[in-house]
Amino acid sequence: MKYTQGKYPIVKKTTLAKEIYDFTILCPEIAAVAEKGQFINVIADGYTLRRPISICGIDKENGTLRIVFEVRGKGTKEIAKLNEGELIDILAPLGKGFPTGEYKTAITVGGGIGTPPMVEVAKHFGENCRAISGFRSASAVILQEDFRASGAETILCTDDGTAGRKGYVTEALKDEVAKKKPDVIYACGPNVMIKGVVDIAKENGIPCYISLEERMGCGIGACLVCACRTVKNGEEYYAHVCKDGPVFNSEEVIF
């Protein structure tokens with residue numbers, strides 16, 4: 001796994017929703033090798049452990065990475081204080097991304113802050129993608145314009161029905177699979193959502209790749225903080241989400 005550590009300028013910062021921030025980082029050597037589904041590890045001033053944040057966008061031509069993250073604790077709150085023109089200390093790109101080469105049609109499923117890594121996948125498939133996103137309510141909705149700009153059919157769900165269709169992403173996924181099976185399904189979000197997506201994919205014989213969210217220590221496989229139960233060739237073992245993932249074939253993960 002090739003990665004780089006360094007301090008890079010933030011060239012754009014916006015607020016997408018309450019406590020959800022969007023940074024564009026100028027880091028040409030990292031953007032050149034980054035893949036959809038990978039993540040970066042960010043250090044916050046005054047803290048020892050880095051915070052993992054999914055890559056939302058990769059612009060190889062302009063040498064930038066885009067990250068979208070939610071303030072969930074003191075570390076991410078400190079990171080959110082950074083502004084345009086300031087330097088952000090990152091270790092990247094990390095982990096394994098989404099395999100896309102052999103598939104022609106796809107459905108992406110993102111839940112809450114698990115939605116950002118789906119943007120690059122939607123860009124890859126364009127009009128051959130159906131992008132399902134789920135949020136608690138209209139005030140938490142993010143990135144729908146990005147999905148539409150990719151050419152994907154964009155399907156928005158909210159728990160309370162204040163935007164898009166009312167209900168869970170799994171309900172929308174069932175409807176879309178019934179209309180037309182995709183070649184593959186990609187998902188990122190809360191574990192309960194991912195398990196529901198995996199069950200639907202399995203019932204319909206559709207390959208599925210999932211991005212897992214776990215607490216991490218080092219981000220490079222040296223510690224055991226992000227271990228998760230997986231199975232391969234009939235044998236159960238513990239994999240590192242940071243190094244062996246965050247993207248896994250759904251058939252390998254034990255929930």
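Against which elements do the buried residues of helix α6 pack? In this predicted model, the buried residues of α6 pack against strand β7 (106-111), helix α5 (169-179), strand β11 (184-188) and strand β12 (208-211). The buried positions in question are Met193, Ile194, Gly196, Val197, Val198, Ile200 and Ala201. In an α-helix there are 3.6 residues a turn, so residues three or four places apart point the same way. Helix α6 itself covers residues 191-203, a total of 13 residues. From its first C-alpha to its last, α6 reaches 18 Å, close to the 18 Å expected at 1.5 Å a residue. After the helix comes Gly205, with a positive phi near 65°.

The overall dimensions of the protein are considered next. The protein contains 6 helices and 15 strands. For 255 residues, a compact globule would have a radius of gyration near 18 Å, and the 17 Å of the protein agrees with this. Taken along the principal axes, the box filled by the C-alpha atoms is roughly 50 × 45 × 35 Å. Of the 255 residues, 54% count as buried. Contacts between residues at least 6 apart in sequence were also examined, and 60% of them join residues at least 24 apart.

Ala106 stands opposite Val184 in β11.

Strand β1 (residues 4-17) and strand β6 (residues 87-94) run antiparallel and are joined by 6 bridges. As an individual example, Pro9 has Leu87 in β6 as its bridge partner.

The cysteines were examined for disulfides. A search of the whole structure finds 0 disulfides. Cys56 is in no disulfide, and the nearest cysteine sulfur, that of Cys188, is 11 Å away. With a relative accessibility of 0%, Cys56 counts as buried. For Cys208, the closest cysteine sulfur is also in Cys188, at 12 Å, which is too far for a bond because a disulfide requires sulfur atoms within 2.5 Å. Cys208 has a relative accessible area of 2% and is buried.

The relative accessible area of Ala149 is 70%, so the residue is classed as exposed, a term applied to values over 50%. Between Ala149 and Ile10 there is a separation of 139 residues in sequence, and their C-alpha atoms are 23 Å apart in space.

Conventions
Residues numbered from 1 in each chain as written. Predicted model: local features only at pLDDT ≥ 70, side-chain atom pairs only at ≥ 80, totals over all residues. Heavy atoms only, no water. Pairing = 2+ DSSP bridges. Helix = DSSP H or I, 4+ residues; strand = E, 2+ residues; numbered from the N terminus. Buried < 20%, exposed > 50% of the residue type's maximum accessible area, 1.4 Å probe, protein only. Expected span 1.5 Å × (residues − 1). Contact = heavy atoms within 4.5 Å. Rg over C-alpha atoms; globule rule 2.2 N^0.38 Å.
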